Amino acid sequence: MSTHFHPLKVKEIIKETINTVSILFDIPADLKESFNYQAGQYLTLKVNISGEEVRRSYSVSSSPKADEELKISSKMIEGGKMSTYLFRELAVGDTVEVMPPQGNFTLKEANPLVLFAAGSGITPIISLAKEALVSDDRQVYLYYGNRSTEEIIFKAELDQLKEKYSGRFLVQHFLSSDGERIDSDRVKSVVAGLQNEKADALFYICGPSQMIQATEAALQKSEVSEEQIKIEYFASPKTEKKETETASPTSSGNVNDIVVVLDDEEHEVSLNDGETILEGSERIGIDPPYSCQSGVCTTCKAKVESGEVEMENNFGLGQDEIDEGYALTCIGRPKTAGVKINWDEV
């Protein structure tokens with residue numbers, strides 16, 4: 001997988017709400033294959049804002065099977081450098097550095113598909129919904145929370161989909177201005193209403209971390225298995241940092257002396273105490289892939305080829321990926337001597 005940025009021109013900007021825009025990029029013919037994407041994935045953008053390099057990841061809101069052009073959506077947040085730039089300053093014809101699509105929050109075989117979203121968490125969720133509706137005849141249920149009607153992102157598009165796929169696509173809105181929320185009782189009610197369909201369902205969740213955690217807890221209390229729950233975080237939830245064990249070498253050498261591989265080149269890195277693999281690699285002039293730097297987006301994922309790496313507060317990788325030997329370098333530190341990390345093997 002390519003982990004390099006490519007300059008893409010902005011083809012179109014759509015104002016979705018009072019604080020949200022969607023952006024379509026013009027993909028050159030020689031990059032079409034690199035930018036093939038799956039519903040629910042994300043793009044990492046790199047922009048110079050007032051002399052500072054800023055990187056952020058934004059979920060795709062389009063569907064490849066619906067023959068839609070690659071589109072991301074961004075909600076402007078207070079103090080958000082990139083989101084404010086995208087909403088207020090970006091113009092058609094501008095060039096943005098963009099990394100090819102990544103992410104595992106993708107569509108799996110299941111019927112029904114139960115989707116929970118809040119605010120801008122609808123971005124990857126609508127991508128999944130459109131993909132499922134176009135692909136086959138499965139049932140899709142969407143439960144979507146916002147503060148007010150004016151802030152419902154993709155409202156017109158959701159209404160059109162509901163009409164087009166009447167009987168297959170249920171959309172229920174919850175407005176906090178009216179005292180409605182996606183809370184534990186509502187989630188339990190949704191699961192109870194599935195009856196015999198529950199065992200075959202998949203539940204996708206995206207939104208603020210508090211909403212995600214409450215929804216996940218309610219699903220678990222409703223005896224939904226962990227394998228049926230798919231989560232996409234936009235930011236690292238506030239949790240106490242996991243205490244790391246004292247590193248103990250399994251081979252001779254300093255634990256902080258590691259080897260990293262990027263673009264078929266090996267680099268020896270001596271990490272400072274407490275430094276992550278990503279931080280140390282950047283410090284010596286390597287340009288590894290990254291975005292969120294908080295263990296959420298997985299842009300910095302790499303293969304651990306030898307030694308052991310310990311991660312703090314991982315919310316991006318699934319247990320299956322960890323079992324396969326992958327680690328997030330933005331929150332990863334060597335646990336043993338002899339660690340070798342390879343960004344090319346992703």
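**Aromatic rings up close**

Tutor: Keep in mind that this model is predicted. A pair of aromatic rings is described by the distance of the centres and the angle of the planes. The count here comes to 3 aromatic pairs. Two of them follow.

Start with Phe 105 and Tyr 204. Their ring centres are 5.3 Å apart. The planes meet at 75°, over the 60 degrees required, so this pair is edge-to-face. It links distant parts of the chain. Phe 105 is in the loop between β6 (95-102) and β7 (113-118). Tyr 204 is in strand β10 (residues 202-207). Are they buried or exposed? Phe 105 has a relative accessible area of 4%, so it is buried. Tyr 204 is at 0%, and it also counts as buried.

Now take Tyr 233 and Phe 315. Here the centres lie 5.2 Å apart and the planes stand at 65°, so the pair is edge-to-face. Tyr 233 belongs to strand β11 (residues 229-233). Phe 315 sits in the loop between β15 (309-311) and α7 (319-323). The pair therefore ties together parts that are 82 residues apart in sequence. Tyr 233 is buried, at 9% relative accessibility. Phe 315 is at 24%, which counts as partly exposed.

The ring belongs to Tyr 326. The charged end of Lys 301 sits over it, 4.8 Å from the ring centre. The charged end of Lys 303 sits over the ring of Tyr 326 too, 5.3 Å from its centre.

Conventions. Residues are numbered from 1 along each chain as its sequence is written. This is a predicted model: local features need pLDDT of at least 70, side-chain atom pairs count only at pLDDT 80 or more; totals for chains, interfaces and linings use all residues. Side-chain values use heavy atoms; hydrogens and water are left out. Rings of Phe, Tyr and Trp (its six-membered ring) pair if their centres lie within 6.5 Å; planes under 30 degrees apart count as stacked, over 60 as edge-to-face and the rest as tilted. Helices (H or I, at least four residues) and strands (E, at least two) are DSSP runs, numbered from the N terminus. Buried means under 20% relative accessible area, exposed over 50%, partly exposed in between (1.4 Å probe, protein chains only). A charge sits over a ring if NZ of Lys or CZ of Arg is within 6 Å of the ring centre and within 35 degrees of the ring normal.
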